[in-house]
Amino acid sequence: MPAPATLSDNTIAQPSIAIIIDDLGEQWQAGKRVLALPGDITLAVLPFTHYGDRLVELAAQQGREVMLHAPMEPLSHPAWHEGLRRGMTQTELRDALAAMLEALPQARGVNNHMGSALTQERERMDWVMAELAGRGLYFIDSRTTPSSQALTSAQDHAIPSARRDVFLDNIRTEDAIEQQFRTLLRLARERGQAIAIGHPYPETLAFLERVLPQLGDLGVRLVPVSQLLHPLSEPASPPGGIAEQLRVESIPSAINSI
Ligand SMILES: [Zn+2]
C-alpha cells in the first residue's frame, strides 16, 4: 500500500521568478512585443503615456498582471519635474499619486520609476505607502539606490511588498543580460524565489523571447510578481511556504546610476 501522498510529493517546490518589464507606455511596437512574450510577465506602465491605456487593455484581455510604474525624483536630474518630488507637501504628493493610480485603475501594485532621491526620504515613502495601503495595492521597491527606504516603509505599513533583486539590462548586451538572468536563476534556486526588472529594449526582448520557452527545462516557474510578496497579497500563491521561509533581504545590490 503506498504511503499517503504529502504536500511535498505533490508540489515539488520549484523555484519561482517574476520578471517585471517597466517603462512601458510610450512605445507601441515594443509594448506589443512585451505582450507577445510567453508566460506571466508583469507589466509596469508609466502614467499619462500615449499607449499606456491600449497596452493595459490588451494586457487585461490576456490576463496579465499590470502595475503602475510611478515616476519619483532621482538624484541624477536636478531639474526633474515629473511624478512625485521631494518638494511636495503631503497633500500634493498624495494627490499626484492618486491621479496616477486613477489613470491606471487596472494596476494591482506599484514600483518606482527612477526615485534614487525620493525613496531615500522615509517620511515621503510613508506618505506613499499610506496611500497604497488605503487602496489595497502592493509595492515593489525597484531599488534604484541602496539607501532606499521604500521597502521598510511598505513593510511597516503591512503592505504586500518585495524588492527587485536583479536588473536584467543595465548593460544592454546579450552577454550582460544573460549573466544577469543567470544571477536571477541562482538567487531563485538558493532562496526559492527572485524578482527581476527589465526594460522594453530590443536586446532584452530578444533575450526573453529566446529563453522564456526554456524555463521549464531550467526548473523554474515564471509567476506574476504578486505571488512573491510578503505578506502575500492574495491566497492564490502555491502552498508550501518554502519560498517565504527562504526569503532574505541580504543580497548585495548593484548601485545603479538612476
Ligand atoms: Zn523606470
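Student: In which strand does Met114 lie?

Tutor: This is a predicted model. Strand 4 covers residues 109-114. Met114 therefore belongs to strand 4.

Student: Is Met114 buried or exposed?

Tutor: Count the C-beta neighbours inside 10 Å of Met114: there are 26. A residue with 20 or more is buried. So Met114 counts as buried.

Student: What is the phi of Met114?

Tutor: Most residues other than glycine have a negative phi. Met114 is not a glycine, yet its phi is positive. The value is near 60°.

Student: Ala158 also has a positive phi. Where is Ala158 found, and is it buried or exposed?

Tutor: Phi of Ala158 is about 60°, and this residue is not a glycine either. Ala158 sits in the loop between helix 6 (150-156) and strand 6 (161-163). Within 10 Å it has 10 other C-beta atoms, and 12 or fewer means exposed. So Ala158 is exposed.

Student: Which peptide bond is cis, with omega near -10°?

Tutor: Most peptide bonds are trans. Look in the loop between strand 9 (221-222) and helix 10 (242-246), where Pro231 is found. The cis bond runs from His230 to Pro231.

Student: How many helices and strands does the chain have?

Tutor: The chain has 258 residues, and 44% of them count as buried. Its secondary structure is made of 10 helices and nine strands.

Student: What share of the contacts with a separation of 6 or more comes from residues 24 or more positions apart?

Tutor: Take the contacts in the chain with a separation of 6 or more. Then pick out those between residues 24 or more positions apart. Their share is 72%.

Student: Which residues is Leu43 in contact with, leaving aside its neighbours within four places in sequence?

Tutor: Leu43 is among the residues with the most contacts inside the largest nonpolar core. Set its sequence neighbours within four places aside. The partners of Leu43 are then Ile21, Leu24, Val34, Ala59, Arg64, Val66 and Met67.

Student: What distance separates the C-alpha atoms of Ala117 and Pro74?

Tutor: Ala117 is in the loop between strand 4 and helix 5. It counts as buried, with 21 C-beta neighbours inside 10 Å. Beyond four places in sequence, its contacts are Glu73, Pro74, Leu75 and Arg86. Ala117 and Pro74 are 43 residues apart along the chain, but their C-alpha atoms are separated by 4.6 Å.

Student: What distance separates the C-alpha atoms of Leu168 and Gly198?

Tutor: Leu168 lies in the loop between strand 7 (166-167) and helix 7. With 26 C-beta neighbours inside 10 Å, it is buried. Outside four places in sequence, it touches Ile177, Gln180, Phe181, Ala196, Ile197, Gly198 and Thr204. Leu168 and Gly198 stand 30 residues apart along the chain, while the C-alpha separation is 5.1 Å.

Student: Which residues make the contact of helix 7 with helix 8, and what is the handedness of the crossing?

Tutor: The axes of helix 7 (residues 174-191) and helix 8 (residues 202-211) are 10 Å apart, at an angle of about 55°. That angle makes the two helices oblique. Glu174, Ile177, Glu178 and Phe181 of helix 7 meet Glu203, Thr204, Phe207 and Val211 of helix 8. The crossing is right-handed.

Student: How many nonpolar, polar and charged residues are in the contact of helix 4 with helix 5?

Tutor: Helix 4 (residues 90-103) and helix 5 (residues 122-135) have axes that come within 10 Å and cross at roughly 45°, so helix 4 is oblique to helix 5. The crossing is right-handed. Helix 4 brings Gln90, Leu93, Arg94, Leu97, Ala98 and Leu101, and helix 5 brings Arg124, Trp127, Val128, Glu131 and Arg135. By class, that gives six nonpolar, one polar and four charged residues.

Methods: Residues numbered from 1 in each chain as written. Predicted model: local features only at pLDDT ≥ 70, side-chain atom pairs only at ≥ 80, totals over all residues. Core = buried A, V, L, I, M, F, W, Y, C linked by C-beta atoms within 7 Å. Contact = placed C-beta atoms within 7 Å. Axes fitted to C-alpha atoms, helices over the stretch in contact; angles between N-to-C directions. Helix = DSSP H or I, 4+ residues; strand = E, 2+ residues; numbered from the N terminus. Parallel < 35°, antiparallel > 145°, perpendicular 65-115°, else oblique. Left-handed = near helix turned anticlockwise from the far one by under 90°. Nonpolar A, V, L, I, M, F, W, Y, C, P; charged D, E, K, R; others polar.
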